[in-house]
Amino acid sequence: MVPCSYSLTLVICICICCCCLLSSVSLAYKNYTVGDSFGWYDNLEKPPGFDYQKWADAHGNSFTLGDFLIFNTDNNHSVVQTYNFTTYKSCNYDDALENDTIQWSSADPSSTSPRPVTVPVPLLKLGITYFFSGDYDGEQCLNGQNFKINVTYGQGLPPSLKSPSSSSSSSSADAPISPAANPDFDPEDSAPETLVPSNFDHPQNVSDDSTTNTDQPSKAATIPLPAAFLNFNFFGLRLNGFMIFLILIRLYGFFWIVS
């Protein structure tokens with residue numbers, strides 16, 4: 001019979017492994033659908049409108065590098081991201097600098113029949129980030145289509161979102177891909193391989209362990225639960241779940257013999 005102290009040790013080891021697994025799953029990259037099922041529209045388009053800032057505040061500091069914001073809208077609304085507070089407050093990006101403002105999707109004023117558009121936007125930079133719809137002289141932005149979020153570090157950028165030049169410099173290991181600096185970058189190449197319906201109202205976990213291609217960013221994948229057993233972090237050390245399982249079996253056998 002295995003002594004109580006040995007059984008307790010084994011239980012503690014199992015608990016530690018379970019904690020490592022849960023930590024790995026909770027740190028997965030996520031998708032956040034802006035406006036949930038309402039989508040990305042101004043208050044005039046869909047009265048009484050939606051409070052996007054309240055939606056963002058409800059998520060607190062959960063936005064991290066490598067996450068995606070999914071904008072479900074139409075081709076009469078744009079998606080503009082800026083790190084410049086003045087640009088954000090003016091609801092106008094005409095005089096914005098290339099290194100602080102990105103237009104991910106533009107409106108088409110000539111369109112008489114709006115068509116659905118889904119715009120995935122990766123979070124590539126730490127700190128406060130602003131979003132708004134900047135067309136029609138800022139009318140949509142002034143009518144509720146704006147919000148800000150705070151992006152924290154989390155796991156840092158996944159390989160698929162890092163600048164190709166960052167691999168040669170350790171000091172810029174998390175340098176993001178800039179659409180201005182790299183015209184070939186397409187966020188849909190790195191966004192999760194899922195169709196995002198207009199009523200999508202919850203994030204999907206995505207992994208940063210996707211195999212990367214040297215020519216273009218690899219696509220992130222949804223994490224199946226068994227895959228979480230393959231690799232996880234334990235106090236900064238990447239461990240293999242099956243290896244830990246074998247070690248536990250050997251420990252149990254050792255305790256059984258010495259008892």
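Visitor: In what sense do strand β3 and strand β6 pair, and over how many bridges?

Guide: Strand β3 (residues 79-82) and strand β6 (residues 127-132) pair in the antiparallel sense, over three bridges. Strands here are DSSP runs of E with at least two residues, helices are runs of H or I with at least four residues, and both are numbered from the N terminus; two strands pair if DSSP finds at least two bridges between them. This is a predicted model, where local features need pLDDT of at least 70 and side-chain atom pairs count only at pLDDT 80 or more, while totals for chains, interfaces and linings use all residues. Residues are numbered from 1 along each chain as its sequence is written, and side-chain values use heavy atoms, with hydrogens and water left out.

Visitor: Which residue in β6 stands opposite Q81?

Guide: That is F131.

Visitor: And what order do the strands of the open sheet have?

Guide: The open sheet has four strands in the order β4-β3-β6-β7, with antiparallel pairing. Its edge strands are β4 (101-105) and β7 (146-151), each of which pairs on one side only.

Visitor: Let's look at Q103: where is it found?

Guide: Q103 is found in strand β4, and it counts as partly exposed because its relative accessibility is 36%, where buried means under 20% relative accessible area, exposed over 50%, and partly exposed in between, using a 1.4 Å probe and protein chains only.

Visitor: Which side chain makes a polar contact with the side chain of Q103?

Guide: The side chain of Y93 does, at 2.6 Å; a polar contact is a pair of N or O atoms within 3.5 Å, and within protein one must be able to donate a hydrogen and the other to accept it, with residues adjacent in sequence counting only if both atoms are side-chain atoms.

Visitor: New topic: is Q140 buried or exposed?

Guide: Q140, which is found in helix α4 (residues 139-142), is buried, because its relative accessible area is 5%. Leaving aside neighbours within four places in sequence, Q140 is in contact (heavy atoms within 4.5 Å) with residues including D42, N76 and H77.

Visitor: What about N72, where is that one?

Guide: N72 is found in strand β2 (residues 68-74), and it counts as buried because its relative accessibility is 6%. The side chain of N72 makes a polar contact with the side chain of T118, at 3.0 Å.

Visitor: Last one: how many helices and strands does the protein chain have?

Guide: The secondary structure of the protein chain comes to six helices and ten strands, and buried residues make up 37% of its 259 residues.
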